[in-house]
Amino acid sequence: MLDFSSLLLAAALSGTCLSITMLAIWLTAPRARFVLTVACGILVLVAHVVLFWQYTKEPNPWLCQAVLVLLSLGFLIICMSAMQSLGVGNHSSVVLPTLVAMAACAVVTYVGFDGVGFQITYATVTALLAAIGAMFWTKGDHDRRILLVVSFLSGACGLSFALCGLVLLARGQWVLGAAPDNWAERLNSVVAVACMTGLGALTLSLHHLQAQIELKAETMTDPLTGLMNRRALNELYGDRSFGPFMAIAMFDLDHFKTTNDVFGHPVGDMVLCRFAAVIKKYGRTGVDAFRLGGEEFALVMSRITPEKAHDMASRIGVAFGTEIVATHRGPLRSSVSGGMGFGSAVGLPLDEVLAQADAALYAAKRAGRNRVIAENKMGQPDAGPALKTA
């Protein structure tokens, strides 16, 4: 059976290999900063284990201080990596309490109560691991099964540290003079190695999932305006049946080629972004905006009547007409034409509703632009009035 020293060395070896793997992954994907943070946290814990092993051989007050500081610091860094991964801000809510606990531990250890210092440190680590588990479970948006395992491993590791502190407390070991060595410490060595290895593997899995999500988001997003693109439209609505309370508004910026020719493509891009900003303001649950390509946009509306859908599209056109873009030739104001397509009680496919909206859009262009047109009950476009802008 492995003795305590062997367990510590096994923990150090496992942590070193895991941190090297993390660093290698970060080098191939520098944007995944939380992976680098995890690697740094594990390296700090490896240093703690090595010094703790040395402390079991040659007890020294200053070595004890270093051991306890590195243990709290390592888990603090890992907790911060979890916050990075989940997009949780306000790091001070974790950093400040941990620094206070580390300072208290340093004081009591300096005056000779190293047993109390170990208890404070174990309590701190338990709290950090509990925070990690809680954050992943409440804030994570990945596969819930993976998040459950992360939370379980964090909780199990935290419980093992809590047991170490409770044993010292129950035995009244306020002053040790050497490294604690009891059944809880040995159990902690095994559990910590297993849990940290498991958490490392799951961190890699979460990184892989995050990379896939980001890649999919990039392929479904228009890089200029930030709106979803045509691929996203087909992905989200290609298999949907458009009922009577669904509509599509297609928009085309008026005289956009002239804008590019006269003012230049950078100004044209600014105009596109201005329209995207306007259409985003009307976003809500059941309303999705897309840039289909060039100066063509689409708005898919659900749970809305045809009258309200047409009114929303018209308000977007009016709002865009008030936008002014500063150029080297003076202020530029643009307009937009729109066409409406509606679902039906029997349900219509995306392509058919888009074709309706496209036909109505070209009718708006022929009618003089700067208007939104919807088909009438006879299936023919109704020429609406020009949009009024201030």
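**Helix pair α3 and α4**

I looked up how α3 and α4 run relative to each other, and they are roughly antiparallel (angles over 145 degrees count as roughly antiparallel). This is a predicted model, in which local features need pLDDT of at least 70 and side-chain atom pairs count only at pLDDT 80 or more, while totals for chains, interfaces and linings use all residues. Residues are numbered from 1 along each chain as its sequence is written, and side-chain values use heavy atoms, with hydrogens and water left out.

I noted that the axes of α3 and α4 (residues 92-110) come within 10 Å and cross at roughly 170°. Axes are lines fitted to C-alpha atoms, for helices over the stretch in contact, with angles from 0 to 180 degrees between N-to-C directions. Helices are DSSP runs (H or I, at least four residues), numbered from the N terminus.

I then listed the contact (heavy atoms within 4.5 Å). On the α3 side I found, among them, Trp62, Leu68, Leu76 and Met83, and they belong to a set that meets α4 residues including Val94, Met102 and Tyr110. By class, this contact has 15 nonpolar, 4 polar and no charged residues. Ala, Val, Leu, Ile, Met, Phe, Trp, Tyr, Cys and Pro count as nonpolar, Asp, Glu, Lys and Arg as charged, and the others, Gly among them, as polar.

**Aromatic pairs**

I found 10 aromatic pairs in the structure. Rings of Phe, Tyr and Trp (its six-membered ring) pair if their centres lie within 6.5 Å; planes over 60 degrees apart count as edge-to-face, under 30 as stacked and the rest as tilted. Phe75 and Phe161 are an edge-to-face pair, at 5.4 Å centre to centre and 80° between the planes. Phe75 is in α3 (residues 61-86) and Phe161 in α6 (residues 144-170), so this pair ties together parts 86 residues apart in sequence.

I checked burial (under 20% relative accessible area, 1.4 Å probe, protein chains only). Phe75 is buried at 2%, and Phe161 is buried at 5%.

Phe161 also forms a tilted pair with Tyr122, at 6.0 Å and 45°. Tyr122 sits in α5 (residues 114-139), 39 residues from Phe161, and is buried at 4%. I recorded that ring pairs link Phe52, Phe75, Phe118, Tyr122 and Phe161 into a cluster.

**Helix α11**

I looked up the buried residues of α11; Met312, Ile316 and Phe320 are among them.

Note on methods:
Helix = DSSP H or I, 4+ residues; strand = E, 2+ residues; numbered from the N terminus. Buried < 20%, exposed > 50% of the residue type's maximum accessible area, 1.4 Å probe, protein only. Parallel < 35°, antiparallel > 145°, perpendicular 65-115°, else oblique.
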